[in-house]
Protein chains: 2
Amino acid sequence: MSDAPSSSPRFDRATHLRKNLDALDAMLHDERTLIVPLHRTLHAFVGDARTELHLPTLAEAAELIDAAAELVWLGELDGRAVFAADVTPIGNPLNHRVFARHSRFDELMTALPSLPTWQAELACYARALLFWHARHQYCGACAQPTRARDGGHVRKCTNSACGLEHFPRTDPAIIVLVTHGDRCLLGRQRVFPRGMYSTLAGFVEPGETLEEAVVREMREEAGVLVKNVRYFKSQPWPFPASLMLGFVAEAENDVLAPDDDELEHVAWFTRDEIASPTRPDFFVPPKYSVSGQLIAHFMEEKNGGVP
Amino acid sequence: MSDAPSSSPRFDRATHLRKNLDALDAMLHDERTLIVPLHRTLHAFVGDARTELHLPTLAEAAELIDAAAELVWLGELDGRAVFAADVTPIGNPLNHRVFARHSRFDELMTALPSLPTWQAELACYARALLFWHARHQYCGACAQPTRARDGGHVRKCTNSACGLEHFPRTDPAIIVLVTHGDRCLLGRQRVFPRGMYSTLAGFVEPGETLEEAVVREMREEAGVLVKNVRYFKSQPWPFPASLMLGFVAEAENDVLAPDDDELEHVAWFTRDEIASPTRPDFFVPPKYSVSGQLIAHFMEEKNGGVP
């Protein structure tokens with residue numbers, strides 16, 4: 001379908017080029033340039049399997065650049081320029097020449113585990129930036145229109161008396177594997193798919209450290225007091241704009257006092273109860289998510305829980 | 001001046017009360033309620049020493065609540081409600097009865113090291129939220145006015161056809177102690193005070209992990225390739241909205257290729273060169289900052305750099 005690189009190419013944000021208008025213009029006239037199309041929040045995939053992004057080249061689909069509501073230069077993929085394009089203005093994309101035959105438009109979240117890592121990362125980056133553009137068309141300080149600059153990585157207020165620059169937004173959120181002895185804490189939000197249990201999470205608030213956010217959220221959501229808070233790993237989660245920051249922590253005791261507004265159910269689970277659940281529809285998030293990795297880490301530990 | 005608690009009180013965001021309008025209303029009629037006043041970006045301090053925030057009670061200064069451009073319920077301090085109030089509309093605050101005699105208004109950043117920790121944390125929280133309000137008076141999606149809700153922790157678009165909810169913003173940024181053998185990497189931005197060198201830092205971008213941001217920023221700013229990236233600690237830095245995420249990392253080699261646009265100077269420093277600098281005005285950030293703590297950590301290590 002596309003002549004995009006199929007093995008693992010090297011992606012570089014090459015941020016020093018964002019202010020280089022001549023370089024950006026040259027990329028928009030290079031037929032090898034790749035496009036990451038988004039229609040509203042939906043990405044384009046090749047065929048129905050959603051195992052590959054549809055990344056048309058400028059040679060194949062230059063009109064998408066002209067039609068785009070927003071255009072963001074993402075960086076270079078093995079030296080080829082890549083632009084994210086919000087193609088919502090083309091109407092039903094499956095009626096469009098470029099997509100009609102072999103494309104499917106779908107939400108990224110469910111496709112993430114089956115995409116090659118480099119495509120998942122590119123798709124997350126594109127989705128995060130185009131969502132940010134949609135929410136920052138006007139200046140929050142003075143209500144006048146903003147205009148994209150620097151390849152789409154800044155929006156500047158067009159009101160010369162204001163002139164504020166607005167930058168892309170990323171919302172840090174903590175997600176925590178809490179253990180007590182040989183059990184870990186899992187819970188269900190009402191919006192979760194039926195049977196799914198996950199580690200507890202919440203947004204970091206202004207004026208607090210990550211560690212304070214971990215302690216506060218575990219107390220608020222489950223009534224659990226935690227200690228020995230340790231960083232595990234991070235993952236961008238642009239649905240719409242989160243950065244998940246995984247932690248492990250130990251509970252002071254196993255008393256729970258859940259907040260019913262936040263969680264439908266929260267409980268302690270042994271490794272056996274996770275591996276061989278009594279509830280037939282029980283499942284935990286897949287390993288491509290930080291939550292899945294935190295739970296897998298717990299399952300692999302022999303000595304009581306934390307690394 | 002104020003009967004605010006002077007030893008270390010316990011502060012609780014008590015987030016479950018934010019939607020409780022009756023509880024918030026009762027707090028605004030309780031004379032013991034405390035106010036954190038801000039005038040533009042300036043906090044009120046007791047006297048000239050800037051070692052204590054001026055936190056008037058409602059009994060002392062109820063008119064500040066009425067005059068406030070924005071009012072945010074921060075939480076409870078030993079059970080007493082605390083509100084941040086943007087008092088910019090009162091004009092020169094030193095002409096105002098509440099502040100005239102004993103107050104000084106000043107930037108928080110320089111006062112941070114001399115404030116009690118609980119006051120520094122409260123002040124950072126207040127400043128971050130009031131800055132956010134000032135920048136989100138209008139909806140970025142439709143340009144119509146937004147209105148504060150939930151005690152000032154949400155702004156909702158007043159256009160019923162839009163109705164977007166906007167949440168406080170925190171910008172994650174990495175700051176990194178890079179070591180190579182017995183030396184660490186320090187640099188100067190042009191805007192730094194004369195003689196100051198610090199660890200290198202940069203904002204996390206949409207679609208990348210913290211660790212990817214560390215590798216990218218060190219490559220972009222100093223031309224240094226790093227490995228063994230490990231989390232150190234975090235600190236809110238609301239000037240205006242950052243969350244500093246400290247990391248340590250090791251350089252693959254000691255070759256530097258600095259980006260002159262980002263840094264005025266970057267170099268490797270031994271412990272001796274930091275403790276007994278040849279440049280007479282050389283200094284590093286104080287220990288209350290993550291950068292100061294990263295450098296102190298390096299100075300205390302005997303065996304070559306990283307924990």
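Biologist: Why is A:Arg279 called partly exposed?

Modeller: Partly exposed is the class between buried (under 20% relative accessible area) and exposed (over 50%), with a 1.4 Å probe and protein chains only. A:Arg279 has a relative accessible area of 31%, so it is partly exposed. This is a predicted model, in which local features need pLDDT of at least 70, side-chain atom pairs count only at pLDDT 80 or more, and totals for chains, interfaces and linings use all residues, while side-chain values use heavy atoms, leaving out hydrogens and water. Residues are numbered from 1 along each chain as its sequence is written, and chains are lettered from A and ligands numbered from 1 in the order in which they are written.

Biologist: What makes the link between A:Arg279 and A:Asp281 a polar contact?

Modeller: The term needs a pair of N or O atoms within 3.5 Å; within protein, one must be able to donate a hydrogen and the other to accept it, and residues adjacent in sequence count only if both atoms are side-chain atoms. The side chains of A:Arg279 and A:Asp281 meet at 2.6 Å, and the pair counts as a polar contact. A:Arg279 itself lies in the loop between helix H6 (271-275) and helix H7 (290-300) of chain A. Helices (H or I, at least four residues) and strands (E, at least two) are DSSP runs, numbered from the N terminus.

Biologist: Which residues does A:Arg279 contact, beyond its neighbours within four places in sequence?

Modeller: Contact means heavy atoms within 4.5 Å. On that basis A:Arg279 is in contact with A:Arg188, A:Arg194, A:Gly195 and A:Tyr197.

Biologist: Is A:Arg18 buried or exposed?

Modeller: Its value is 9% relative accessibility, so A:Arg18 counts as buried. A:Arg18 sits in the loop between E1 and helix H1 (21-27) of chain A, and its side chain makes a polar contact of 3.4 Å with that of A:His153. Not counting residues up to four places away in sequence, A:Arg18 touches residues including A:Arg13, A:Trp73, A:Tyr125 and, from the other chain, B:Glu205.

Biologist: What makes A:Phe11 and A:Tyr125 an edge-to-face pair?

Modeller: Rings of Phe, Tyr and Trp (its six-membered ring) pair if their centres lie within 6.5 Å; planes under 30 degrees apart count as stacked, over 60 as edge-to-face and the rest as tilted. A:Phe11 and A:Tyr125 are 6.0 Å apart centre to centre, with 70° between the planes, and the pair is edge-to-face. A:Phe11 is in strand E1 (residues 11-12) and A:Tyr125 in helix H4 (residues 117-135), both of chain A, so the pair ties together parts 114 residues apart in sequence. A:Phe11 is partly exposed at 27%, whereas A:Tyr125 is buried at 1%.

Biologist: Why is the pair of A:Tyr231 and B:Tyr231 called tilted?

Modeller: The ring centres of A:Tyr231 and B:Tyr231 are 4.6 Å apart and the planes are at 35°, so the pair is tilted. Each residue lies in strand E13 (residues 226-237) of its own chain, so the pair joins two chains. Ring pairs link A:Tyr231, A:Phe247, B:Tyr231 and B:Phe247 into a cluster.

Biologist: How do you know that the charged end of A:Arg13 sits over the ring of A:Tyr125?

Modeller: The test asks for NZ of Lys or CZ of Arg within 6 Å of the ring centre and within 35 degrees of the ring normal. The charged end of A:Arg13 is 3.7 Å from the ring centre of A:Tyr125 and counts as sitting over the ring. A:Arg271 lies over the face of A:Phe298, at 4.2 Å.

Biologist: Why are the two copies said to be related as by a two-fold rotation axis?

Modeller: Copies are superposed by least squares on the C-alpha atoms of residues with pLDDT of at least 70 in both. A rotation of 180° with 0.0 Å of shift along its axis puts chain B on chain A, at an RMSD of 0.0 Å. The copies are therefore related as by a two-fold rotation axis. The same surface serves both, as 100% of the contact residues of chain B recur in chain A.

Biologist: How much area do chain B and chain A bury between them?

Modeller: Buried area is the accessible area (1.4 Å probe) that two parts lose on being put together, summed over both. For chain B and chain A the figure is about 3800 Å², 51% of it on carbon and sulfur atoms. B:Arg13, B:Arg169 and B:Pro206 supply 17% of the area that chain B buries against chain A, more than any other three residues.

Biologist: Why is helix H7 of chain B called largely enclosed?

Modeller: Nine of the 11 residues of this helix (residues 290-300) are buried, so the rest of the structure largely encloses it. Among the elements covering the buried residues are strand E10 (171-180) and strand E15 (265-270) of chain B.
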